[in-house]
Amino acid sequence: MITALLTAAGTGTRMGQDIPKQFLHVNNKPIIIYTMEVFEKDPNIDGIVIVTLESWVEVVRAYAKQFNITKLKDIVVGGSTGQESIANGIKSIVKFASEDSTVLIHDGNRPLVTSEIISSAVATFNQYGSAVAAIPTVEAVFTSHDALIAEDSVPREILYRTQTPHIYPVKDVISAHLEASKKGISNTAATCALMHELGKKVYFSKGAETNLKITTVDDLLIFKALLTTRKDDFIR
């Protein structure tokens with residue numbers, strides 16, 4: 001059994017809007033529903049758990065009913081950090097699925113994930129025991145301490161940008177959070193970062209530039225454009 005754990009507990013301060021970005025409406029549909037619909041339709045996914053803000057739990061429940069999200073198993077309140085929010089989601093999953101089941105962790109504000117990306121993650125997971133969607137870095141990359149002067153240049157050929165989904169056995173995520181608690185690790189940016197910090201191998205699956213995370217107004221504009229874009233026939 002694979003449960004999609006969708007994180008939607010961010011407050012959206014970088015977006016600068018009146019409501020969190022995951023609940024902004026695009027073409028009369030909230031962004032979180034675009035994300036949920038992908039997993040609702042994907043045959044790899046058996047259930048969905050949403051982690052969100054306490055004040056939005058009933059709103060998400062109403063959205064799920066309105067848009068016929070039948071795989072929704074639970075909506076839980078997030079924590080003070082992303083790491084804590086994921087831990088809360090895992091606690092919900094073990095109420096209806098065993099620790100031997102599988103969790104696919106995905107950003108709720110990453111609505112353009114595709115069945116191809118999900119299938120690649122599942123295939124990598126089946127082969128190696130975990131998977132993290134990633135894409136190569138194509139720009140020249142520099143370090144800088146003041147955001148003005150370039151310092152060291154980092155070879156882009158060895159750089160990869162991680163996205164979601166991440167896939168792990170539920171028991172591995174539980175174990176990682178317990179170990180993190182013992183070691184005082186409390187605010188890793190993503191589950192793959194936590195796993196790497198704990199010495200676990202991170203295996204990459206296929207991501208995509210279009211699998212963008214909506215965090216700024218620019219991202220929102222790109223998302224709206226991509227919704228109406230279709231690949232031309234001559235592009236393979």
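A polar contact is a pair of N or O atoms within 3.5 Å. In this predicted model, the side chain of H166 makes such an approach to the backbone oxygen of Q163, at 2.8 Å. The chain as a whole contains seven helices and 11 strands. Its radius of gyration is 18 Å, close to the 18 Å that the globule rule gives for 236 residues, so the chain is as compact as a globular protein of that length.

**Whole chain**

- Taken along the principal axes, the C-alpha atoms fill a box of roughly 50 × 45 × 40 Å.
- Of the 236 residues, 49% count as buried.
- Among contacts with a separation of 6 or more, 74% come from residues 24 or more positions apart.
- The accessible surface is about 12,700 Å², and carbon and sulfur atoms contribute 51% of that surface.
- There are 24 positive and 26 negative side chains, and the centres of these two sets are 5 Å apart.

**H166**

- H166 is part of strand β10.
- H166 counts as buried because its relative accessibility is 3%, and the cut-off for buried is under 20%.
- Not counting residues up to four places away in sequence, H166 touches V103, L104, I105, A131, V132, A190, T191 and C192.

**R161**

- R161 also belongs to strand β10, which covers residues 160-169.
- With a relative accessible area of 35%, R161 is partly exposed, because that value falls between the 20% limit for buried and the 50% limit for exposed.
- The side chains of R161 and E209 are joined by a polar contact of 3.2 Å.
- E209 is also one of the residues that R161 touches beyond four places in sequence, along with A133, A134, I135 and T137.
- G207 is 46 residues from R161 in sequence, and the C-alpha atoms of the two are 9.0 Å apart in space.

**T137**

- T137 sits in the loop between β7 (131-136) and β8 (141-142).
- The relative accessible area of T137 is 12%, so T137 is buried.
- Setting aside neighbours within four places in sequence, T137 is in contact with R156, L159, Y160 and R161.

Definitions and conventions:
Residues numbered from 1 in each chain as written. Predicted model: local features only at pLDDT ≥ 70, side-chain atom pairs only at ≥ 80, totals over all residues. Heavy atoms only, no water. Helix = DSSP H or I, 4+ residues; strand = E, 2+ residues; numbered from the N terminus. Buried < 20%, exposed > 50% of the residue type's maximum accessible area, 1.4 Å probe, protein only. Contact = heavy atoms within 4.5 Å. Polar contact = N/O pair within 3.5 Å; in protein donor to acceptor, adjacent residues only side chain to side chain. Rg over C-alpha atoms; globule rule 2.2 N^0.38 Å. Areas by Shrake-Rupley, 256 points an atom, 1.4 Å probe, with all protein chains shown as cover. Lys, Arg positive; Asp, Glu negative; His and termini not counted. Charge placed at Lys NZ, Arg CZ, Asp CG, Glu CD.
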